Amino acid sequence: MAKGSIKLCFQCATCSMVSACLCRALKFLSRRDSHIKDEAARWPQGKTLRLEIPGARGFTVTGTKEGFQILPRDTKGDVTIRFKSPADAFKVFTGQISVAQAYGQHRFVLKGNMGLAMPFVRCVDRVEGYLFPAVLAKRILKRLPKKEVSSARVYGAVLLGR
Amino acid sequence: MSKYYEFQLPEKILSGDGALEHIPHELTLLGASRPLLLSDRGLEKVGTVDTVKAALSQGGLEPAETYCDIPADSSIHVVNAIAALYREKNCDSLIAVGGGSVIDTAKGVGMVLAQAGSDLMDSAGAEVLPRGAHVPFVAVPTTSGTGSEATIVAVVKDPEAQVKMEFLSYHLLPDVAVLDPRMTETLPPRITASTGFDALVHAIEAATCLQRNPVSDSFAEKAIGLLCGNLMAAVDNGRDRKARMALANGSLLAGAAFSNSMVGLVHAIGHALGGVCRVPHGEAMTILLPAVMKYNLEKCRDRYAELLLPIAGPEVYAQTPSDQRAQRAIDTLVALRRQLAEKTEMPISLVETGLVRREDFDAVARTALNDGAIIVNPAEADYDDIIGLLEEVWA
(Lines give C-alpha, C1' and ligand atoms only; values in the text may rest on other atoms or scores of the structure.)
Protein backbone atom coordinates (compact mmCIF):
# COMPACT_ATOMS: atom_id res chain seq x y z
CA MET A 1 0.00 0.00 0.00
CA ALA A 2 1.35 3.44 -0.86
CA LYS A 3 2.50 5.64 2.01
CA GLY A 4 -0.14 8.24 1.17
CA SER A 5 -2.90 5.63 1.32
CA ILE A 6 -1.76 4.35 4.72
CA LYS A 7 -1.79 7.91 6.04
CA LEU A 8 -5.25 8.50 4.62
CA CYS A 9 -6.59 5.25 6.12
CA PHE A 10 -5.10 6.19 9.47
CA GLN A 11 -6.64 9.64 9.34
CA CYS A 12 -10.06 8.28 8.36
CA ALA A 13 -9.97 5.60 11.06
CA THR A 14 -8.91 8.13 13.69
CA CYS A 15 -11.65 10.54 12.65
CA SER A 16 -14.28 7.78 12.82
CA MET A 17 -13.11 6.77 16.27
CA VAL A 18 -12.89 10.30 17.68
CA SER A 19 -16.21 11.17 16.09
CA ALA A 20 -17.82 8.24 17.96
CA CYS A 21 -16.11 9.34 21.21
CA LEU A 22 -17.30 12.91 20.67
CA CYS A 23 -20.90 11.71 20.27
CA ARG A 24 -20.76 9.66 23.47
CA ALA A 25 -19.12 12.49 25.42
CA LEU A 26 -21.61 15.03 24.11
CA LYS A 27 -24.53 12.80 25.07
CA PHE A 28 -23.10 12.11 28.54
CA LEU A 29 -22.18 15.73 29.25
CA SER A 30 -25.54 17.06 28.10
CA ARG A 31 -26.92 15.40 31.25
CA ARG A 32 -24.04 16.39 33.57
CA ASP A 33 -22.62 19.75 32.46
CA SER A 34 -25.03 22.65 33.03
CA HIS A 35 -23.79 24.63 30.01
CA ILE A 36 -24.15 21.75 27.55
CA LYS A 37 -27.45 20.77 29.15
CA ASP A 38 -28.70 24.32 28.64
CA GLU A 39 -27.56 24.38 24.99
CA ALA A 40 -29.40 21.09 24.36
CA ALA A 41 -32.56 22.37 26.06
CA ARG A 42 -32.52 25.60 24.02
CA TRP A 43 -31.95 23.73 20.75
CA PRO A 44 -34.73 24.55 18.24
CA GLN A 45 -37.22 21.70 18.43
CA GLY A 46 -36.74 18.99 15.84
CA LYS A 47 -33.80 20.66 14.12
CA THR A 48 -30.86 18.44 13.26
CA LEU A 49 -27.17 19.05 12.68
CA ARG A 50 -25.09 16.67 10.62
CA LEU A 51 -21.31 16.45 10.66
CA GLU A 52 -19.73 14.84 7.59
CA ILE A 53 -16.13 13.72 7.06
CA PRO A 54 -15.10 12.36 3.66
CA GLY A 55 -14.13 8.71 4.07
CA ALA A 56 -14.99 8.59 7.77
CA ARG A 57 -17.99 8.16 10.01
CA GLY A 58 -19.95 11.31 10.73
CA PHE A 59 -23.08 11.74 12.81
CA THR A 60 -26.35 13.62 13.11
CA VAL A 61 -27.38 15.20 16.36
CA THR A 62 -30.39 16.97 17.80
CA GLY A 63 -30.96 18.71 21.13
CA THR A 64 -33.84 18.12 23.54
CA LYS A 65 -34.67 18.97 27.14
CA GLU A 66 -33.27 15.55 28.05
CA GLY A 67 -29.94 16.29 26.39
CA PHE A 68 -28.33 15.65 23.02
CA GLN A 69 -29.56 12.68 21.02
CA ILE A 70 -27.48 10.96 18.37
CA LEU A 71 -29.74 10.09 15.45
CA PRO A 72 -29.50 7.18 12.98
CA ARG A 73 -26.55 7.60 10.66
CA ASP A 74 -28.57 8.30 7.50
CA THR A 75 -30.61 11.14 9.08
CA LYS A 76 -30.33 14.36 7.10
CA GLY A 77 -29.25 17.59 8.76
CA ASP A 78 -31.07 20.93 8.70
CA VAL A 79 -27.53 22.20 9.02
CA THR A 80 -24.59 20.26 7.64
CA ILE A 81 -20.94 20.83 8.51
CA ARG A 82 -18.79 19.05 5.93
CA PHE A 83 -15.01 18.89 6.24
CA LYS A 84 -13.28 19.43 2.92
CA SER A 85 -10.93 16.47 3.44
CA PRO A 86 -10.12 13.79 6.05
CA ALA A 87 -6.87 15.67 6.76
CA ASP A 88 -8.87 18.75 7.78
CA ALA A 89 -11.07 16.76 10.16
CA PHE A 90 -7.99 14.95 11.50
CA LYS A 91 -6.47 18.27 12.56
CA VAL A 92 -9.59 19.12 14.59
CA PHE A 93 -10.19 15.67 16.05
CA THR A 94 -6.61 15.30 17.22
CA GLY A 95 -6.55 18.71 18.88
CA GLN A 96 -4.12 20.35 16.46
CA ILE A 97 -6.59 23.15 15.76
CA SER A 98 -9.90 24.27 17.27
CA VAL A 99 -13.23 24.34 15.48
CA ALA A 100 -12.91 28.13 15.33
CA GLN A 101 -9.48 27.86 13.71
CA ALA A 102 -10.80 25.24 11.27
CA TYR A 103 -13.59 27.64 10.30
CA GLY A 104 -11.11 30.48 9.93
CA GLN A 105 -8.87 28.32 7.76
CA HIS A 106 -11.75 27.27 5.47
CA ARG A 107 -11.37 23.61 6.43
CA PHE A 108 -15.11 22.93 6.33
CA VAL A 109 -18.18 24.22 4.60
CA LEU A 110 -21.51 24.82 6.23
CA LYS A 111 -24.90 24.33 4.60
CA GLY A 112 -27.94 25.84 6.26
CA ASN A 113 -28.51 28.35 9.03
CA MET A 114 -25.17 29.19 10.60
CA GLY A 115 -26.98 30.24 13.79
CA LEU A 116 -27.92 26.62 14.47
CA ALA A 117 -24.29 25.51 14.21
CA MET A 118 -23.04 27.94 16.85
CA PRO A 119 -24.48 26.14 19.93
CA PHE A 120 -22.95 22.92 18.60
CA VAL A 121 -19.56 24.60 18.22
CA ARG A 122 -19.74 25.89 21.80
CA CYS A 123 -20.58 22.39 23.03
CA VAL A 124 -17.72 20.81 21.08
CA ASP A 125 -15.35 23.35 22.63
CA ARG A 126 -16.56 22.36 26.11
CA VAL A 127 -16.35 18.65 25.31
CA GLU A 128 -12.78 19.15 24.10
CA GLY A 129 -12.03 20.87 27.39
CA TYR A 130 -12.98 17.60 29.15
CA LEU A 131 -11.43 15.15 26.68
CA PHE A 132 -8.14 16.78 25.77
CA PRO A 133 -5.25 17.13 28.23
CA ALA A 134 -5.09 20.64 29.70
CA VAL A 135 -1.88 21.45 27.83
CA LEU A 136 -3.53 20.67 24.52
CA ALA A 137 -6.87 22.28 25.35
CA LYS A 138 -5.14 25.47 26.52
CA ARG A 139 -3.35 25.71 23.20
CA ILE A 140 -6.45 25.54 21.03
CA LEU A 141 -9.34 26.86 23.12
CA LYS A 142 -9.81 30.57 23.69
CA ARG A 143 -10.86 29.88 27.27
CA LEU A 144 -10.68 26.64 29.27
CA PRO A 145 -14.12 25.55 30.46
CA LYS A 146 -14.66 25.09 34.19
CA LYS A 147 -15.24 21.36 34.55
CA GLU A 148 -18.40 20.26 36.37
CA VAL A 149 -17.55 16.54 36.30
CA SER A 150 -14.17 14.90 36.25
CA SER A 151 -12.59 14.03 32.91
CA ALA A 152 -12.17 10.46 34.22
CA ARG A 153 -15.94 10.08 34.41
CA VAL A 154 -16.30 11.40 30.88
CA TYR A 155 -13.65 8.92 29.63
CA GLY A 156 -15.51 6.18 31.48
CA ALA A 157 -18.80 7.09 29.82
CA VAL A 158 -17.08 7.19 26.42
CA LEU A 159 -15.47 3.77 26.92
CA LEU A 160 -18.62 2.16 28.29
CA GLY A 161 -20.81 3.86 25.69
CA ARG A 162 -23.20 5.40 28.20
CA MET B 1 -0.80 34.71 11.52
CA SER B 2 -3.04 31.87 10.45
CA LYS B 3 -1.10 28.76 9.39
CA TYR B 4 -3.36 28.41 6.38
CA TYR B 5 -5.46 31.02 4.64
CA GLU B 6 -7.49 31.62 1.53
CA PHE B 7 -8.02 35.00 -0.06
CA GLN B 8 -10.38 36.06 -2.83
CA LEU B 9 -9.48 39.40 -4.38
CA PRO B 10 -12.28 41.74 -5.43
CA GLU B 11 -13.20 41.74 -9.11
CA LYS B 12 -12.79 44.84 -11.28
CA ILE B 13 -12.75 48.22 -9.53
CA LEU B 14 -13.63 51.50 -11.27
CA SER B 15 -12.64 54.36 -9.00
CA GLY B 16 -12.77 58.11 -9.59
CA ASP B 17 -14.37 60.80 -11.73
CA GLY B 18 -16.49 59.42 -14.56
CA ALA B 19 -16.59 55.88 -13.24
CA LEU B 20 -20.38 55.71 -13.61
CA GLU B 21 -20.17 56.43 -17.35
CA HIS B 22 -18.06 53.28 -17.80
CA ILE B 23 -20.77 50.92 -16.55
CA PRO B 24 -22.36 50.36 -20.01
CA HIS B 25 -18.98 49.32 -21.40
CA GLU B 26 -18.43 46.91 -18.52
CA LEU B 27 -21.88 45.39 -18.98
CA THR B 28 -21.20 44.94 -22.69
CA LEU B 29 -17.99 43.08 -21.81
CA LEU B 30 -20.07 40.91 -19.49
CA GLY B 31 -22.54 40.20 -22.30
CA ALA B 32 -25.45 42.06 -20.70
CA SER B 33 -27.81 44.72 -22.02
CA ARG B 34 -31.01 44.54 -19.91
CA PRO B 35 -30.00 45.40 -16.34
CA LEU B 36 -32.37 45.51 -13.41
CA LEU B 37 -31.43 48.65 -11.48
CA LEU B 38 -31.90 48.30 -7.72
CA SER B 39 -31.93 51.16 -5.23
CA ASP B 40 -34.02 52.70 -2.45
CA ARG B 41 -36.60 55.49 -2.23
CA GLY B 42 -34.25 57.87 -0.42
CA LEU B 43 -31.67 57.74 -3.19
CA GLU B 44 -34.38 58.06 -5.82
CA LYS B 45 -35.68 61.16 -4.03
CA VAL B 46 -32.31 62.94 -3.81
CA GLY B 47 -31.59 62.29 -7.49
CA THR B 48 -28.82 59.70 -7.12
CA VAL B 49 -30.74 57.14 -9.18
CA ASP B 50 -31.26 59.73 -11.93
CA THR B 51 -27.53 60.53 -11.90
CA VAL B 52 -26.77 56.85 -12.52
CA LYS B 53 -29.44 56.57 -15.21
CA ALA B 54 -28.06 59.67 -16.96
CA ALA B 55 -24.56 58.16 -16.90
CA LEU B 56 -25.91 54.88 -18.31
CA SER B 57 -27.76 56.67 -21.08
CA GLN B 58 -24.49 58.30 -22.21
CA GLY B 59 -23.40 54.77 -23.08
CA GLY B 60 -26.73 54.05 -24.77
CA LEU B 61 -28.00 51.86 -21.95
CA GLU B 62 -31.45 51.99 -20.32
CA PRO B 63 -32.31 49.74 -17.38
CA ALA B 64 -34.88 47.13 -18.38
CA GLU B 65 -36.53 47.80 -15.01
CA THR B 66 -35.89 49.94 -11.94
CA TYR B 67 -36.83 48.79 -8.44
CA CYS B 68 -36.48 51.31 -5.61
CA ASP B 69 -38.51 49.74 -2.81
CA ILE B 70 -35.62 48.14 -0.95
CA PRO B 71 -36.00 49.00 2.76
CA ALA B 72 -33.14 49.94 5.09
CA ASP B 73 -33.24 46.48 6.66
CA SER B 74 -33.86 44.31 3.65
CA SER B 75 -35.39 40.87 4.10
CA ILE B 76 -35.44 37.49 2.43
CA HIS B 77 -38.98 38.29 1.20
CA VAL B 78 -37.74 41.40 -0.64
CA VAL B 79 -34.96 39.34 -2.22
CA ASN B 80 -37.37 36.65 -3.39
CA ALA B 81 -39.80 39.25 -4.81
CA ILE B 82 -37.03 40.98 -6.79
CA ALA B 83 -35.81 37.65 -8.19
CA ALA B 84 -39.34 37.04 -9.48
CA LEU B 85 -39.44 40.56 -11.00
CA TYR B 86 -36.08 39.96 -12.73
CA ARG B 87 -37.48 36.87 -14.43
CA GLU B 88 -40.78 38.55 -15.28
CA LYS B 89 -39.03 41.48 -16.98
CA ASN B 90 -36.52 39.25 -18.73
CA CYS B 91 -33.51 41.09 -17.27
CA ASP B 92 -29.98 39.81 -17.79
CA SER B 93 -27.90 41.65 -15.16
CA LEU B 94 -28.05 43.60 -11.90
CA ILE B 95 -26.93 47.13 -11.05
CA ALA B 96 -27.15 47.88 -7.32
CA VAL B 97 -27.00 51.56 -6.35
CA GLY B 98 -27.06 52.04 -2.61
CA GLY B 99 -25.67 51.18 0.78
CA GLY B 100 -25.21 47.77 2.32
CA SER B 101 -28.88 46.88 2.30
CA VAL B 102 -29.30 47.46 -1.43
CA ILE B 103 -26.05 45.73 -2.42
CA ASP B 104 -26.65 42.78 -0.10
CA THR B 105 -30.18 42.47 -1.48
CA ALA B 106 -28.74 42.37 -4.99
CA LYS B 107 -26.31 39.67 -3.89
CA GLY B 108 -29.21 37.66 -2.54
CA VAL B 109 -31.14 38.12 -5.78
CA GLY B 110 -28.09 37.02 -7.77
CA MET B 111 -27.77 33.94 -5.58
CA VAL B 112 -31.41 32.93 -6.05
CA LEU B 113 -31.14 33.46 -9.82
CA ALA B 114 -27.79 31.68 -10.15
CA GLN B 115 -29.17 28.63 -8.36
CA ALA B 116 -32.39 28.79 -10.42
CA GLY B 117 -34.29 28.85 -7.13
CA SER B 118 -37.11 30.91 -5.68
CA ASP B 119 -36.18 31.16 -1.98
CA LEU B 120 -32.99 32.71 -0.66
CA MET B 121 -33.14 30.51 2.45
CA ASP B 122 -32.26 27.51 0.27
CA SER B 123 -28.83 29.10 -0.22
CA ALA B 124 -28.00 29.72 3.45
CA GLY B 125 -24.56 28.71 4.63
CA ALA B 126 -20.85 29.26 4.14
CA GLU B 127 -18.90 28.36 1.00
CA VAL B 128 -21.36 25.67 0.08
CA LEU B 129 -22.91 26.86 -3.16
CA PRO B 130 -21.66 25.93 -6.60
CA ARG B 131 -21.29 28.88 -8.97
CA GLY B 132 -24.53 28.25 -10.88
CA ALA B 133 -25.57 30.56 -13.70
CA HIS B 134 -23.56 33.76 -13.96
CA VAL B 135 -25.64 36.89 -13.33
CA PRO B 136 -23.56 39.96 -14.30
CA PHE B 137 -23.52 42.29 -11.30
CA VAL B 138 -22.36 45.89 -10.93
CA ALA B 139 -22.27 47.42 -7.43
CA VAL B 140 -22.31 51.18 -6.96
CA PRO B 141 -21.95 52.02 -3.25
CA THR B 142 -23.52 55.28 -2.06
CA THR B 143 -22.05 55.09 1.43
CA SER B 144 -18.47 54.49 2.48
CA GLY B 145 -19.20 51.92 5.10
CA THR B 146 -20.28 48.40 4.32
CA GLY B 147 -17.64 47.62 1.71
CA SER B 148 -20.22 45.19 0.38
CA GLU B 149 -19.02 45.92 -3.16
CA ALA B 150 -15.87 43.94 -2.32
CA THR B 151 -17.14 41.19 -0.02
CA ILE B 152 -18.24 37.59 -0.33
CA VAL B 153 -20.80 38.20 2.40
CA ALA B 154 -24.46 39.17 2.28
CA VAL B 155 -26.49 39.94 5.40
CA VAL B 156 -30.24 39.75 4.93
CA LYS B 157 -32.88 39.78 7.64
CA ASP B 158 -35.17 36.87 8.35
CA PRO B 159 -38.08 38.91 9.78
CA GLU B 160 -39.91 35.92 11.26
CA ALA B 161 -36.87 34.83 13.28
CA GLN B 162 -35.78 38.46 13.92
CA VAL B 163 -32.30 37.45 12.89
CA LYS B 164 -29.87 38.81 10.34
CA MET B 165 -28.90 35.84 8.20
CA GLU B 166 -25.36 35.63 6.87
CA PHE B 167 -24.63 34.16 3.47
CA LEU B 168 -21.01 33.50 2.51
CA SER B 169 -19.96 32.50 -0.97
CA TYR B 170 -17.13 33.49 -3.28
CA HIS B 171 -19.76 33.77 -6.01
CA LEU B 172 -21.36 36.74 -4.26
CA LEU B 173 -18.61 39.16 -5.31
CA PRO B 174 -19.84 41.76 -7.79
CA ASP B 175 -18.19 41.66 -11.22
CA VAL B 176 -17.58 45.41 -11.06
CA ALA B 177 -17.35 47.79 -8.08
CA VAL B 178 -17.88 51.44 -9.04
CA LEU B 179 -16.59 54.18 -6.74
CA ASP B 180 -17.68 57.57 -8.08
CA PRO B 181 -17.42 60.73 -5.97
CA ARG B 182 -20.89 61.85 -7.08
CA MET B 183 -22.40 58.91 -5.20
CA THR B 184 -21.35 59.95 -1.71
CA GLU B 185 -21.04 63.75 -1.78
CA THR B 186 -24.64 64.34 -0.64
CA LEU B 187 -24.37 61.87 2.24
CA PRO B 188 -25.33 63.76 5.45
CA PRO B 189 -22.54 64.24 8.04
CA ARG B 190 -24.10 61.88 10.60
CA ILE B 191 -24.37 59.02 8.12
CA THR B 192 -20.89 59.79 6.80
CA ALA B 193 -19.60 59.46 10.35
CA SER B 194 -21.42 56.25 11.32
CA THR B 195 -20.80 54.46 8.01
CA GLY B 196 -17.16 55.55 8.11
CA PHE B 197 -16.89 54.06 11.58
CA ASP B 198 -18.50 50.88 10.24
CA ALA B 199 -15.72 50.63 7.64
CA LEU B 200 -13.16 51.27 10.37
CA VAL B 201 -14.59 48.41 12.42
CA HIS B 202 -14.35 46.13 9.38
CA ALA B 203 -10.68 46.99 9.00
CA ILE B 204 -9.83 46.70 12.71
CA GLU B 205 -11.64 43.40 13.19
CA ALA B 206 -10.14 42.04 9.96
CA ALA B 207 -6.71 43.01 11.24
CA THR B 208 -7.15 41.27 14.59
CA CYS B 209 -9.44 38.26 14.15
CA LEU B 210 -8.32 34.62 14.02
CA GLN B 211 -8.45 34.45 10.24
CA ARG B 212 -6.16 37.42 9.55
CA ASN B 213 -3.42 36.83 7.00
CA PRO B 214 -0.73 38.90 5.27
CA VAL B 215 -3.00 39.90 2.38
CA SER B 216 -5.93 40.95 4.55
CA ASP B 217 -3.54 42.76 6.89
CA SER B 218 -2.25 44.85 3.96
CA PHE B 219 -5.76 45.76 2.89
CA ALA B 220 -6.89 46.47 6.46
CA GLU B 221 -3.93 48.65 7.44
CA LYS B 222 -4.24 50.79 4.30
CA ALA B 223 -7.98 51.07 4.92
CA ILE B 224 -7.46 52.22 8.53
CA GLY B 225 -5.05 54.93 7.38
CA LEU B 226 -7.41 56.22 4.70
CA LEU B 227 -10.42 56.18 7.01
CA CYS B 228 -8.82 57.72 10.10
CA GLY B 229 -7.06 60.34 7.98
CA ASN B 230 -10.13 61.52 6.06
CA LEU B 231 -13.26 60.87 8.10
CA MET B 232 -13.28 64.23 9.85
CA ALA B 233 -12.61 66.12 6.59
CA ALA B 234 -15.54 64.40 4.85
CA VAL B 235 -17.83 65.18 7.80
CA ASP B 236 -16.70 68.83 7.82
CA ASN B 237 -17.19 69.23 4.08
CA GLY B 238 -19.19 66.60 2.23
CA ARG B 239 -18.14 68.07 -1.13
CA ASP B 240 -14.46 67.39 -0.40
CA ARG B 241 -14.00 64.92 -3.24
CA LYS B 242 -10.51 63.92 -2.18
CA ALA B 243 -11.73 62.94 1.28
CA ARG B 244 -14.82 61.25 -0.16
CA MET B 245 -12.76 59.11 -2.53
CA ALA B 246 -10.34 58.25 0.26
CA LEU B 247 -13.26 57.03 2.37
CA ALA B 248 -14.74 55.12 -0.58
CA ASN B 249 -11.42 53.38 -1.21
CA GLY B 250 -10.88 52.79 2.50
CA SER B 251 -14.31 51.20 2.74
CA LEU B 252 -13.64 48.97 -0.27
CA LEU B 253 -10.25 47.87 1.07
CA ALA B 254 -11.76 47.17 4.49
CA GLY B 255 -14.48 45.17 2.77
CA ALA B 256 -11.95 43.09 0.86
CA ALA B 257 -10.01 42.54 4.09
CA PHE B 258 -12.91 41.41 6.26
CA SER B 259 -14.45 39.45 3.43
CA ASN B 260 -11.49 37.12 3.77
CA SER B 261 -10.50 37.36 7.40
CA MET B 262 -13.99 37.95 8.76
CA VAL B 263 -15.22 40.21 11.54
CA GLY B 264 -15.63 39.47 15.23
CA LEU B 265 -17.48 40.40 18.38
CA VAL B 266 -18.36 44.00 17.42
CA HIS B 267 -20.29 42.61 14.48
CA ALA B 268 -21.82 39.69 16.37
CA ILE B 269 -23.38 42.06 18.92
CA GLY B 270 -24.05 44.73 16.27
CA HIS B 271 -25.99 42.29 14.09
CA ALA B 272 -28.00 41.26 17.15
CA LEU B 273 -28.77 44.90 18.05
CA GLY B 274 -29.93 45.41 14.46
CA GLY B 275 -32.04 42.25 14.39
CA VAL B 276 -33.66 42.62 17.82
CA CYS B 277 -33.82 46.41 18.34
CA ARG B 278 -33.40 47.81 14.80
CA VAL B 279 -30.30 49.82 15.74
CA PRO B 280 -28.76 51.01 12.44
CA HIS B 281 -25.67 48.96 11.70
CA GLY B 282 -23.19 51.86 11.52
CA GLU B 283 -24.43 53.26 14.83
CA ALA B 284 -24.15 49.89 16.53
CA MET B 285 -20.56 49.58 15.28
CA THR B 286 -19.71 53.08 16.53
CA ILE B 287 -21.16 52.38 19.95
CA LEU B 288 -19.47 49.00 20.41
CA LEU B 289 -15.97 49.36 18.92
CA PRO B 290 -13.99 50.85 21.84
CA ALA B 291 -15.63 48.59 24.44
CA VAL B 292 -14.93 45.45 22.42
CA MET B 293 -11.36 46.57 21.70
CA LYS B 294 -10.83 46.90 25.45
CA TYR B 295 -12.41 43.46 25.92
CA ASN B 296 -10.04 41.93 23.35
CA LEU B 297 -7.02 43.93 24.54
CA GLU B 298 -5.12 41.14 26.27
CA LYS B 299 -5.36 38.89 23.21
CA CYS B 300 -4.63 41.69 20.74
CA ARG B 301 -2.19 43.97 22.57
CA ASP B 302 0.66 43.54 20.07
CA ARG B 303 -1.62 43.93 17.08
CA TYR B 304 -3.37 47.03 18.44
CA ALA B 305 0.08 48.49 19.08
CA GLU B 306 0.97 47.97 15.41
CA LEU B 307 -2.32 49.52 14.32
CA LEU B 308 -1.51 52.76 16.12
CA LEU B 309 0.61 53.64 13.07
CA PRO B 310 -2.29 53.80 10.55
CA ILE B 311 -4.73 55.02 13.23
CA ALA B 312 -2.72 58.00 14.53
CA GLY B 313 0.08 58.43 11.99
CA PRO B 314 3.88 58.10 12.20
CA GLU B 315 4.50 61.05 14.54
CA VAL B 316 2.24 59.77 17.30
CA TYR B 317 3.41 56.20 16.76
CA ALA B 318 7.06 57.16 17.09
CA GLN B 319 6.44 59.31 20.18
CA THR B 320 4.49 56.59 22.02
CA PRO B 321 6.45 54.05 24.09
CA SER B 322 5.88 50.57 22.72
CA ASP B 323 4.09 49.30 25.84
CA GLN B 324 1.57 52.15 25.59
CA ARG B 325 0.77 51.91 21.89
CA ALA B 326 -2.16 49.48 22.16
CA GLN B 327 -3.98 51.64 24.70
CA ARG B 328 -3.11 54.77 22.70
CA ALA B 329 -4.71 53.21 19.62
CA ILE B 330 -7.97 52.69 21.53
CA ASP B 331 -7.79 56.18 23.08
CA THR B 332 -7.24 57.75 19.64
CA LEU B 333 -10.33 56.02 18.27
CA VAL B 334 -12.37 57.10 21.30
CA ALA B 335 -11.24 60.71 20.72
CA LEU B 336 -12.10 60.49 17.00
CA ARG B 337 -15.53 59.11 17.88
CA ARG B 338 -16.13 61.89 20.41
CA GLN B 339 -15.22 64.57 17.86
CA LEU B 340 -17.51 63.01 15.27
CA ALA B 341 -20.36 62.72 17.78
CA GLU B 342 -19.99 66.38 18.78
CA LYS B 343 -20.26 67.44 15.14
CA THR B 344 -23.03 65.09 14.04
CA GLU B 345 -24.95 64.11 17.20
CA MET B 346 -24.25 60.51 16.28
CA PRO B 347 -25.16 58.24 19.25
CA ILE B 348 -22.26 56.73 21.16
CA SER B 349 -24.29 54.80 23.73
CA LEU B 350 -27.30 52.49 23.53
CA VAL B 351 -29.47 54.94 25.48
CA GLU B 352 -28.81 57.65 22.91
CA THR B 353 -30.21 55.48 20.08
CA GLY B 354 -33.63 55.50 21.78
CA LEU B 355 -34.18 52.02 20.35
CA VAL B 356 -32.84 49.69 23.02
CA ARG B 357 -34.36 48.77 26.36
CA ARG B 358 -32.50 46.99 29.12
CA GLU B 359 -35.11 44.20 28.84
CA ASP B 360 -33.77 43.56 25.33
CA PHE B 361 -30.30 42.63 26.59
CA ASP B 362 -31.16 38.95 27.07
CA ALA B 363 -32.47 38.57 23.50
CA VAL B 364 -29.55 40.59 22.09
CA ALA B 365 -26.97 38.48 23.96
CA ARG B 366 -28.58 35.18 22.96
CA THR B 367 -28.79 36.29 19.32
CA ALA B 368 -25.17 37.50 19.34
CA LEU B 369 -23.98 34.15 20.71
CA ASN B 370 -25.39 32.43 17.63
CA ASP B 371 -23.94 34.93 15.15
CA GLY B 372 -21.25 33.42 12.96
CA ALA B 373 -18.95 36.42 13.51
CA ILE B 374 -18.35 35.48 17.15
CA ILE B 375 -16.42 32.34 16.20
CA VAL B 376 -13.35 34.18 14.86
CA ASN B 377 -13.19 36.79 17.61
CA PRO B 378 -9.78 36.45 19.29
CA ALA B 379 -11.22 36.33 22.82
CA GLU B 380 -13.96 33.99 23.99
CA ALA B 381 -17.26 35.72 24.78
CA ASP B 382 -20.12 33.96 26.57
CA TYR B 383 -23.57 35.17 27.57
CA ASP B 384 -22.38 36.97 30.70
CA ASP B 385 -19.51 38.65 28.84
CA ILE B 386 -21.91 40.03 26.22
CA ILE B 387 -24.32 41.27 28.88
CA GLY B 388 -21.33 42.97 30.53
CA LEU B 389 -20.42 44.69 27.26
CA LEU B 390 -24.00 45.83 26.69
CA GLU B 391 -24.02 47.31 30.22
CA GLU B 392 -20.75 49.07 29.47
CA VAL B 393 -22.11 50.79 26.36
CA TRP B 394 -25.56 51.42 27.82
CA ALA B 395 -25.01 55.07 28.81
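Two strands pair if DSSP finds at least two bridges between them. Keep that in mind for the first part of this talk. The model is a predicted one.

Let me begin with the place where the chains pair. Strand E5 of chain A, residues 108-111, is joined by two bridges to strand E5 of chain B, residues 125-126. That meets the cut-off of at least two bridges. The strands run antiparallel. To pick out one residue, A:Lys111 has B:Gly125 as its bridge partner in E5(B).

Now the contact between the chains as a whole. Chain A puts in 18 residues and chain B puts in 21 residues. Which elements of chain A give two or more residues to the side that touches chain B? They are helix H4 (99-104), strand E5 (108-111) and helix H5 (114-131). H5(A) gives the most, with five residues. Sorted by class, this side of chain A has eight nonpolar, seven polar and three charged residues.

Next, chain B on its own. Chain B is divided into domain 1, residues 12-183, and domain 2, residues 189-392. Taken over C-alpha atoms, the centres of these two domains of chain B are 25 Å apart. In their contact, domain 1 of chain B supplies 26 residues and domain 2 of chain B supplies 29 residues.

On the domain 1 side of that contact, four strands of chain B supply at least two residues each: E1 (12-15), E7 (153-158), E8 (163-168) and E9 (176-179). By class, the side of domain 1 of chain B that touches domain 2 has ten nonpolar, eleven polar and five charged residues.

How values were computed. Residues numbered from 1 in each chain as written. Chains lettered and ligands numbered in written order. Predicted model: local features only at pLDDT ≥ 70, side-chain atom pairs only at ≥ 80, totals over all residues. Domains from an automatic or database assignment. Contact = placed C-beta atoms within 7 Å. Nonpolar A, V, L, I, M, F, W, Y, C, P; charged D, E, K, R; others polar.
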